[in-house]
Amino acid sequence: MNGFPEGFLWGGATAANQCEGGWDLDGKGVSCAEMCTNGAHKKPKRITRTIEPDALYPTHDGIDFYHHYKEDIAMFAEMGFKCYRFSINWTRIYPTGFEEIPNEKGLQFYENVIDECLKYGIEPLITLSHYEMPFAMCREFNGWADRRAIELFVKYAGTVLRRFKGKVKYWLTFNEINCGMLPMGNFMSLGILHPGTEDILHQVDVPQDRFQGLHHQFVASALTVRMAHEIDPDYKVGCMIAYMLSYPLTCDPGDVELARERNTVNNYYCSDVMVRGSYPYFAPRVWKENGVELNITDEDREILRAGTVDFYSHSYYMSICASCDPEKDKASGNILGGARNPYLKATAWDWQIDPMGLRIMLNEVYGRYGIPIMVVENGLGTQDTVNEDGSIDDGYRIDYLRDHIKAMKEALKDGVEIWGYTPWGCIDLVSNADGEMAKRYGFIYVDKQDDGTGSYARSRKKSFYWYKNVIATNGRDLGEEVNAG
Ligand code: BG6
């Protein structure tokens, strides 16, 4: 097989809080993401308790997808997208999470986005929660740390699952749910904000709350899967995991063991619950080492068993190395830490580029679960230069994506069932970890700068035309020329 299976879902991915803007329009409430200021590489975003008049909050305007969605989706269609992954911002539907009646204007906005996709034959793939939740829930009871979050989420999920029945087929519950395994996930992923936390990279961490919060998300997700199937038996609901691939830095058994442990705990703790319906055998040790005693009821266990997902989806950007030498182990410089791999190059943001790792992890995941996979995030975030004539020669991005698509092709030949590929930030948007515009992923450039200036004008990068041809040939022609970029 040279190409990809018929009907392969080529597309792109975005998240509401990183692109929509319109943060206070048409009845929308404030989400946790919107309490974060701008940041930069090695300068973490600050988390504020109130909106500070002099601070810059890049998500408040995003790239103004709220007003540009027709133009943007038309450009996705021009590239030949078969699928567009986007998220619904919970606070457009239930501004604080506590309302009984949903906000019609919020529902209408997403219905318009969905209809616009369908007009071009683009399949929507919707994430219900992508690193945002009502900030009111964070203030009221520390977000997911509290069991009451489950009910509020299920109410929200039920509203949109019912409203968009017949128009949407694919859903994801929580974006990169395993981010909650890391202290960084406290506020970002779980809406947990302890006194003393000031920025996203140095959060006060209470593992008991974090792991309990994660458990509540598992229960909410499982209830949502079950409800989705009741509402529409054709709905397909997936989990979404940030796949963090670790290699042993050397063949020292200590390094090998550390890599095994990181791969297992970081990657499979969450997906085992969501795909298999119960906690993995290694979970009790994780709890013990974190001083955690989880409150898991018998009813919770039953819900988890009955709400397993239909497919597995994940992001994949890089791999890291594990070394039992603590000095080497913190050398990589990216947000995940780990040791530098001497065989790999890294991006300007220190993310090590490893296409082969994608084939490796796809095989591992498929071997473990045997259910279909969607690669719903992958891409190169870096600075782009606009030439005098307005063109953008992002050959480096083409190289990155081409090599990852080749790796996916090999995984397909290996026998892995892959349904689709939606590279991240198909249109430039605010970066998540750093909250900056300078780190761009798009096929489409957006004139929006880090200081908040810019016309919001959209333009096609070189990669736009390249990806269009990849899709048109169903992955057979990957444009082999070498882009020195
Ligand atoms: C994933 C997230 O972690 O990576 C996205 O799901 C995020 O929201 C993407 O934007 C890339 O990370 P960053 O920090 O470069 O935007």
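## Basis of the model

In this predicted model, local features need pLDDT of at least 70 and side-chain atom pairs count only at pLDDT 80 or more, while totals for chains, interfaces and linings use all residues. Residues are numbered from 1 along each chain as its sequence is written, and side-chain values use heavy atoms, with hydrogens and water left out.

## The largest pocket

The largest pocket holds about 700 Å³ of space; a pocket here is an open set of points on a 1 Å grid over the protein atoms alone, with protein on both sides within 12 Å along at least five of seven lines. Its volume is the space filled by probe spheres set on the points, which are joined across faces, edges and corners. The lining consists of 30 residues, and L182, E261, R262, V265 and N266 are those nearest the centre of the pocket. Lining residues have an atom within 4 Å of a point.

Helices α8 (207-231), α9 (253-276) and α10 (283-289) each contribute at least two residues to this lining, and α9 gives the most, with seven residues. Helices are DSSP runs (H or I, at least four residues), numbered from the N terminus. By class, the pocket lining has 15 nonpolar, seven polar and eight charged residues, where Ala, Val, Leu, Ile, Met, Phe, Trp, Tyr, Cys and Pro count as nonpolar, Asp, Glu, Lys and Arg as charged, and the others, Gly among them, as polar.

A cavity is a set of grid points where a 1.4 Å probe fits but cannot get out, and the structure holds seven cavities of 30 Å³ or more. The largest cavity has a volume of about 450 Å³ and is lined by 29 residues, with E176, Y317, I335, W351 and N432 nearest its centre. Its lining divides into 18 nonpolar, seven polar and four charged residues.

The second largest cavity has a volume of about 80 Å³, and N432 belongs to its lining too, together with residues including N17, C32, K45, Y131 and F187. By class, the lining of the second largest cavity has seven nonpolar residues, two polar and one charged.

## Helix α9 against α13

Helix α9 also packs against helix α13 (residues 355-369), their axes coming within 11 Å and crossing at roughly 40°; axes are lines fitted to C-alpha atoms, for helices over the stretch in contact, and angles run from 0 to 180 degrees between N-to-C directions. That angle makes α9 oblique to α13, since angles under 35 degrees count as roughly parallel, over 145 as roughly antiparallel, 65 to 115 as roughly perpendicular and the rest as oblique.

On the α9 side the contact (heavy atoms within 4.5 Å) is made by Y268, S271, D272, V275 and R276, and on the α13 side by E364, V365, R368 and Y369. These residues comprise four nonpolar, one polar and four charged.

## Two further helix pairs

Helix α14 (residues 395-414) and helix α15 (residues 462-472) pack at about 25° with their axes 10 Å apart, and α14 and α15 are therefore roughly parallel to each other. In this pair R397, I398, L401, R402 and I405 of α14 meet K462, S463, W466 and V470 of α15, a contact with five nonpolar, one polar and three charged residues.

Helix α4 (residues 104-119) and helix α6 (residues 148-163) have axes that come within 11 Å and cross at roughly 50°, so α4 and α6 are oblique to each other. Here E104, L107, Q108 and E111 of α4 meet T159, V160 and R163 of α6.
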